[in-house]
Amino acid sequence: MKNKILILSTGLAMFSMFFGSGNLVFPLLVGQMSEGHYLLASLGILLTGVLVPFLGILAMLLFNGDQNSFFTRLGKPATFWFPLIALSLMGPFGVLARCITVAHGAFRLLMPDTTLWVFSLCACILIFFFTIRKNRIVPLLGSVLTPLLLISLAAIAILGLMKVDLPASGMAGSWSSFKNGILQGYQTMDLLAAFFFSIFVIKHLKQKNTDSPLASLSIFLKSSFIGAGLLSMVYFALVLLGSMYAPLLTDVPPQEMLGFIAQQVLGPLAAPLVCVAVILACLTTAIVLASLFSDFLKHEISRDRLPTAVTLATTLIIAFCISTLQFSGIMAFIAPILEFTYPALIVMTVVSIFHKLWGLKIVRTPIAIAVLLKLLTAV
């Protein structure tokens, strides 16, 4: 019974770790662009948006949560530069700013005249004050918002299936739909999140399980089925909704798609509840990401010479500026970087797992990873 509770709690923790604001947008985009090939499109995003991040957690588990040991395989300088680049993309230069634009998209469905820069400024001020109290606020919001969002998505998916017929797939476009699903899975950046957030899952397993490392690995694999299963169901439902409502989403910005579909399915009275849940979920994610980058800026870059208020303010000023590029502008900025680096990180993750489990000897230099990257991207 103890192991069953541990498996369930760990699985739910992993699901919550990957269920962020971007996860509500990119599956809808994949569905909208699938041309009816929603099954292949779903398979693509499930590979890079679900399977790959869980492989990232497995790799970190095999390295006992030691990030330096894992990243040293890219060379010793990578132990500083990789966290800096990754946290920058997850923080003010990427996901943090994107969270603000997604929250703004939901907010515009409630108050259409609100401009992005005004909303972004107010959001950054709120994030600044809430980050100081994140230990109290984030767990409370997370425990309420995750069930609320899941219930809302289930209601939208079930009622949406009843109102709209399944789309017919075209004769062509199946490969492009699958490939687009893979590329949009990169945009979630959940593999990067796995490298940093998995430490909490690993600590949870070590504290609750006193058996052998092999037993911990067994519990992790069973927990992964729960976490990955829930995430896969959410992704598939969103891809299906995006495909079903594609004709109506032609002129709808990506950050407003979920709220728009909620209005179509749930009506004008219920849809605002979904929008509020999305806004709060985005702000909750933003608080965590702002804190991560601010802490790195304070401890690793300034060597504790700058106070937390200064590093946090710097983080949010950058995020404010990047958020004014809007969701599409941020995607255009991040996408080329991820298309170049993400396959290399996937290769590194997989070969690291093989190395730990079966003693596979791998070349440790970044050049070897770059060669494998070229082979992948040439396909």
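Visitor: Where is Gly105 placed?
Guide: Gly105 sits in helix H6. Helices (H or I, at least four residues) and strands (E, at least two) are DSSP runs, numbered from the N terminus. This is a predicted model, where local features need pLDDT of at least 70, side-chain atom pairs count only at pLDDT 80 or more, and totals for chains, interfaces and linings use all residues. Residues are numbered from 1 along each chain as its sequence is written, and side-chain values use heavy atoms, with hydrogens and water left out.

Visitor: Is Gly105 buried or exposed?
Guide: Gly105 is buried, at a relative accessible area of 0%. Buried means under 20% relative accessible area, exposed over 50%, partly exposed in between (1.4 Å probe, protein chains only).

Visitor: What does Gly105 touch, leaving out residues up to four places away in sequence?
Guide: Gln255 and Glu256. Contact means heavy atoms within 4.5 Å.

Visitor: And how far apart are Gly105 and Phe327?
Guide: They are 9.1 Å apart in space, C-alpha to C-alpha. In sequence, 222 residues separate Gly105 and Phe327.

Visitor: Switching topic. How many salt bridges does the structure hold?
Guide: Two. A salt bridge is a side-chain nitrogen of Lys or Arg within 4 Å of a carboxyl oxygen of Asp or Glu. In one of them, the side chains of Arg108 and Glu256 meet at 2.4 Å, N to O.

Visitor: Which parts does that pair tie together?
Guide: Arg108 lies in helix H6 and Glu256 in the loop between helix H11 (213-244) and H12, so the bridge links parts 148 residues apart in sequence. Arg108 is partly exposed at 29% relative accessibility. Glu256 counts as buried at 11%.

Visitor: Which side chains meet at 3.9 Å?
Guide: Those of Arg303 and Glu300, N to O, in a salt bridge. Arg303 is exposed, with 52% relative accessibility. Glu300 is partly exposed at 35%.

Visitor: What about Asp304, where is that found?
Guide: Asp304 is in the loop between H12 and H13. Its phi is positive, about 65 degrees, although Asp304 is not a glycine. Gln326 is not a glycine either, and has a positive phi of about 70 degrees. Gln326 is found in helix H14.

Visitor: Now H13. How many residues does it have?
Guide: H13 has 16 residues, 308-323. It reaches 22 Å from first C-alpha to last, close to the 22 Å expected at 1.5 Å a residue. The expected span is 1.5 Å times one less than the number of residues.

Visitor: Which H13 residues are buried?
Guide: Thr311, Leu312, Thr315, Leu316, Ala319, Ile322 and Ser323. They cover an arc of only 130 degrees around the axis, so they are on the same side of H13. The arc is that of the directions from the helix axis to the C-beta atoms.

Visitor: What do they pack against?
Guide: Helix H6 (95-110), helix H7 (116-132), helix H12 (257-301) and helix H14 (326-358).

Visitor: Zooming out, how many helices and strands are there?
Guide: The protein has 15 helices and zero strands. Of its 379 residues, 51% count as buried. Among contacts between residues at least 6 apart in sequence, 85% join residues at least 24 apart.
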